[in-house]
Amino acid sequence: MSEVYKRSLSDGIAIGFGYLPVAMAFGITAKPLIDLLSTTLMSVLNYAGAGQFLTLQMLEDSGYIAIVIAVFILNSRMFIMSFKINYDLKQLNFIKRLVISIFVTDETFAVTSRYPEERKTFTNYFITLFVSYLFASL
């Protein structure tokens with residue numbers, strides 16, 4: 001593995017360790033409210049911690065459509081971050097940019113936005129973003 005890829009892996013692991021306490025707190029909070037399968041699915045599909053906690057708070061008093069709209073609005077900032085990353089990776093095809101955009105969070109955006117030109121590749125972004133996603137989905 002090249003030094004550049006090792007650096008991207010290191011970035012993803014560092015971000016991931018930051019996600020672990022939030023992921024554990026979510027699991028503990030969710031346990032009395034929803035079953036293990038639902039908790040796991042929410043961690044995998046709703047990657048943003050704030051959206052997960054908002055969903056838990058709204059479960060008893062709100063309908064599913066209200067929850068979806070609230071989480072969408074809460075996480076709409078991800079669009080702007082994804083647009084910036086898509087601009088940085090404009091040389092890639094649409095599918096690769098879409099894949100990268102799926103895994104963008106505040107932390108991964110902050111780290112990857114400082115990448116020098118030689119690190120602005122699909123592989124570097126994917127390694128950093130996907131490795132951090134794995135930690136958050138545990």
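Guide: The term salt bridge is used here for a side-chain nitrogen of Lys or Arg within 4 Å of a carboxyl oxygen of Asp or Glu. Keep in mind that this is a predicted model, in which local features need pLDDT of at least 70 and side-chain atom pairs count only at pLDDT 80 or more, while totals for chains, interfaces and linings use all residues. Residues are numbered from 1 along each chain as its sequence is written, and side-chain values use heavy atoms, with hydrogens and water left out.

Visitor: How far apart in helix H1 are glutamate 3 and lysine 6?

Guide: They are three residues apart in helix H1, so about one helical turn separates them; helices (H or I, at least four residues) are DSSP runs, numbered from the N terminus. For the surroundings, buried means under 20% relative accessible area, exposed over 50%, and partly exposed in between (1.4 Å probe, protein chains only). Glutamate 3 is exposed at 60%, whereas lysine 6 is partly exposed at 41%.

Visitor: With which residue does arginine 7 form a salt bridge?

Guide: Arginine 7 pairs with aspartate 11, the closest N and O atoms being 3.8 Å apart, and these two residues are four apart in helix H1, again about one helical turn. Arginine 7 is partly exposed, with a relative accessible area of 46%, while aspartate 11 counts as buried at 9%.

Visitor: Which residues are linked in a network of salt bridges?

Guide: The network links Lys84, Asp88, Glu117 and Lys120. Within this group, lysine 84 forms a salt bridge with aspartate 88 at 2.7 Å between the closest N and O atoms, and both lie in helix H5, four residues apart. Lysine 84 is partly exposed at 32% relative accessibility, and aspartate 88 is buried at 12%. By the rule given above, the count comes to seven salt bridges.

Visitor: Which residues form the nonpolar patch on the surface?

Guide: A patch is made of residues with over 30% relative accessible area and no salt bridge, like charges being joined within 9 Å and nonpolar side chains (Val, Leu, Ile, Met, Phe, Trp, Tyr) within 5 Å. Accessible areas come from the Shrake-Rupley method with a 1.4 Å probe, and for residues only the protein chains shown count as cover. Here the patch consists of Ile65, Ile69, Phe72, Ile73, Phe79, Ile80 and Phe83, with about 810 Å² of accessible area together. Helix H4 (64-74) and helix H5 (77-88) each supply at least two of its residues, and H4 gives the most, with four. Phenylalanine 79, which has its place in helix H5, is partly exposed at 41%.

Visitor: Is asparagine 75 buried or exposed?

Guide: Asparagine 75 is buried, with a relative accessible area of 13%, and has its place in the loop between H4 and H5. Taking contact to mean heavy atoms within 4.5 Å, asparagine 75 touches Asn46, Ala48 and Gly51, not counting residues up to four places away in sequence. Gly51 is one of the buried residues of helix H3 (residues 49-58), and what covers those buried residues includes helix H1 (3-30), helix H2 (36-45) and H4.
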